[in-house]
Amino acid sequence: MKTPKSKETFETLFNAHWHHLYTFAYNILKNKQAAEDCVQNVYVDFWNRFESAEILHPKAYLYQAVKYQCAKVLVKQKRFNYSIDIEKSVTTPNPLPQEVTVQENKILQEVHEKIDLLPTKCQQVFRYSKIENKSNKQIALEMGISVRTVENHINKAFKILRNTLPDHLYIFMLLWF
């Protein structure tokens, strides 16, 4: 179903989702101003694309966009903190490409180790969804559970991983999956 595109439709979407998107962003960033800025940036971009974009599921689109805006903010913060750390320490030469791959593999291994610690069903659903890229409906059919249960397992997995992974690994996981 295609969303009719009008100012009223946009306002309805804004009013229906703004607070939830802000809460979602705040839970990731733990900063009111940064969360507001992320949601505002998403809505400005959404408004600019509103007439021409073929967005079938606006709510899902908005949540995904806010997640990526938050990831950008966290990466920027990490780079800033990282650059301050570099200034305090002696600079070293840039790593060779194979060293970067080894480092990425180590990070990915740490993330997978945390995923392995998730409760069994939660872990299985998360792997199907984020690693095998199966839809929630496919997962529900394969596992004999409801789509809502699949969504709950994915949300639970993200909450657990957010609390158990250091920020830089959580950001890496969000960008990787």
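Contact here means heavy atoms within 4.5 Å. The model is predicted: local features need pLDDT of at least 70, side-chain atom pairs count only at pLDDT 80 or more, and totals for chains, interfaces and linings use all residues. Residues are numbered from 1 along each chain as its sequence is written, and side-chain values use heavy atoms, with hydrogens and water left out.

Begin at tyrosine 43, which touches Phe10, Leu13, Phe14, His17, Trp18, Leu21 and Leu62, leaving aside residues up to four places away in sequence. Tyrosine 43 lies in helix H2 (residues 32-49); helices are DSSP runs of H or I with at least four residues, numbered from the N terminus. With a relative accessible area of 4%, tyrosine 43 is buried, that is, under 20% (1.4 Å probe, protein chains only). Its C-alpha atom is separated by 9.2 Å from that of valine 66, 23 residues apart along the chain.

Tyr43 and Val66 are among the residues with the most contacts inside the largest nonpolar core, which has 23 residues. Such a core is a set of buried Ala, Val, Leu, Ile, Met, Phe, Trp, Tyr and Cys residues joined through side-chain atoms within 4.5 Å. Helix H1 (7-29), H2 and helix H3 (58-88) each give two or more residues to this core. Apart from it lies another core, of 21 residues, including Ile107 and Leu174.

Elsewhere, helix H5 (residues 120-131) packs with helix H6 (residues 136-143) at an angle of about 135°, their axes 10 Å apart. Axes are lines fitted to C-alpha atoms over the stretch in contact, and angles run from 0 to 180 degrees between N-to-C directions. On the H5 side, the contact residues include Tyr128, and on the H6 side, Ile139.

Methods
Buried means under 20% relative accessible area, exposed over 50%, partly exposed in between (1.4 Å probe, protein chains only).
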